[in-house]
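Please open the model in a viewer and keep the selection panel at hand.

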Protein chains: 2
Amino acid sequence: MAEADRGARPDMPTPPGRRPRKAAPARQPLTQELVVDTAIRVLDAEGLEAVTMRRVAQELGTGPASLYAHVSGKEELRELMLDRVAAEIRLPVPDPARWQEQLKELAREIRRVYTSHRDIAVVSMALIPTGPHLLDVAEAQLALMHAGGVPKRIAGLAVSTLGMFLDADAIEDTLHHAKTPAGAGDPWTYFQEYLNQIREYFAALPKDRYPTVSGMVDELTAEDGDGRFEFGLDMLVRGIASYAAEASRPAGDG
Amino acid sequence: MAEADRGARPDMPTPPGRRPRKAAPARQPLTQELVVDTAIRVLDAEGLEAVTMRRVAQELGTGPASLYAHVSGKEELRELMLDRVAAEIRLPVPDPARWQEQLKELAREIRRVYTSHRDIAVVSMALIPTGPHLLDVAEAQLALMHAGGVPKRIAGLAVSTLGMFLDADAIEDTLHHAKTPAGAGDPWTYFQEYLNQIREYFAALPKDRYPTVSGMVDELTAEDGDGRFEFGLDMLVRGIASYAAEASRPAGDG
DNA sequence: ACCTGAACACCGTTCAAGT
DNA sequence: ACCTGAACACCGTTCAAGT
């Protein structure tokens, strides 16, 4: 961190007769790594929508055209960002005796990392993983299911379903937080107020058209992001395990 | 359809001395309904990304500013589009004896309607339903679970989880189809070729880093959108039903 | 090889002015 | 009340020109 500007030394005055370049020159030579780092900084500070080619370029003290030497376009930049984020996910060493709990722990870890980078999960939705770190995560999930005796076909479907669940949940979690308008004080307070408005709206609904909804206002507005996550995760893992039980029944199962 | 231009008669010549307005005048008075109809036409033809305020205005023969009298902005337009689409979903009359199968049928119906309107499901993701037709769908889901004896708290979590699953699945389904570049022939052929490239890429992965993935190339690239949907749906509904069984055990259950 | 200024073809939203 | 032209502050990407 402290040595980031070595070599460029922008703190040095310009020698006489050696006219300075147009503006502050790029401190470091542009690299793909630097572009992705910068993009993630913008993501963390302001969310995925703020990560534009122009904005990232500006942050690097250059123009948008310069990025295209290191990245094929916005889509690739987003995928590189996701893979970089995926590198933060800590992966388990499979222990066949606790594969279900490990699968849940891994899911919680993915959720933690995703939601710590705003709405990065939007990029993951409907993306076939090809980046090295995203593939590490898939490998870990599949290895756990393999250790648990889940048939290959089921495991293949399950990574996909689990991925959909994780992406959707992370997006849900962060978009609620992010709905706060730019200068509207504390996001949490704002969201609570928004939830209260929803509660009022639901309570005011015509009871003849929406009898069930009307009687469930509290249950439907309980927020409860964690509860929803654990509920869905538990169903998913139990479902996956049920196939493992079927497959291993002849061999005897705990 | 044939009577759309009544009243405006753009086929009449302009009477002498009655200077024509700038371009073709708006044929029909602008209404929110007309704006939403037009937006959905653009959606169906070119996908959600093509639905811009400017594009919809152009389609209506006016400028983008004109839309703001009928719609507060792009976000509201998108939500109105989704609710209009949700009106197409056929809802069941609950039959307590087959509530699980009905819940599945409803999920398939939602999937059918969503995927028939390109990537409209993107709008649904992370949106609290407030439109009348979206609420009809939620009411139907909750009524089915109520008929099945699912506890309120579980039913509340389940609509949310089921919604996440349906949205994610519909997005996955349509984004694959939509990845086809503008003038690249048949989308299905294109996607098959893309899948083959993925297969090759997976097969070429280093086996020491990705031992499990390497041994599952076929299972991971089986496409199988329907299979994945039924797999996830079955797990979800079985999971929900397991809570109903717990709750109704004292009363005796079929 | 890498970088860039300028341009192209777009965005959403606002606002004063018209009818 | 409804509609609009013009403007504002943005987009992603391309390309010829520079170093």
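Which helix gives the most to the lining of the second largest pocket? In this predicted model, the answer is α7(B), with 9 residues. Select α7 (152-178) of chain B to begin.

**The pocket**

Next, display the second largest pocket, whose volume is about 960 Å³. It is lined by 42 residues, and those closest to its centre are E172(A), L127(B), I128(B), P129(B) and S160(B). Colour the lining by residue class: 23 of its residues are nonpolar, 9 polar and 10 charged.

**The interface**

Then select the residues of each chain that touch the other. Chain A contributes 61 residues to these contacts, and chain B likewise 61. The size of an interface is often given as the accessible area lost when the parts come together. Here the buried area is about 5,100 Å², with 69% of it coming from carbon and sulfur atoms. Between the two chains there are 2 salt bridges. To view one of them, select R209(A) and D136(B), whose closest N and O atoms are 2.6 Å apart.

**The annotated span**

Finally, select residues 29-89 of chain A, which an unreviewed UniProt entry lists as "domain: HTH tetR-type". This span is 57% helix and 0% strand, and its end C-alpha atoms lie 29 Å apart.

Conventions: Residues numbered from 1 in each chain as written. Chains lettered and ligands numbered in written order. Predicted model: local features only at pLDDT ≥ 70, side-chain atom pairs only at ≥ 80, totals over all residues. Heavy atoms only, no water. UniProt positions renumbered as here; feature names shortened; annotations may be inferred. Helix = DSSP H or I, 4+ residues; strand = E, 2+ residues; numbered from the N terminus. 1 Å grid on protein atoms, 1.4 Å probe; cavity = no way out; pocket = protein on both sides within 12 Å on 5 of 7 lines; lining within 4 Å. Points joined across faces, edges and corners; volume = space filled by probe spheres on them. Nonpolar A, V, L, I, M, F, W, Y, C, P; charged D, E, K, R; others polar. Contact = heavy atoms within 4.5 Å. Buried area = accessible area lost by both parts, 1.4 Å probe. Salt bridge = Lys/Arg side-chain N within 4 Å of Asp/Glu carboxyl O.
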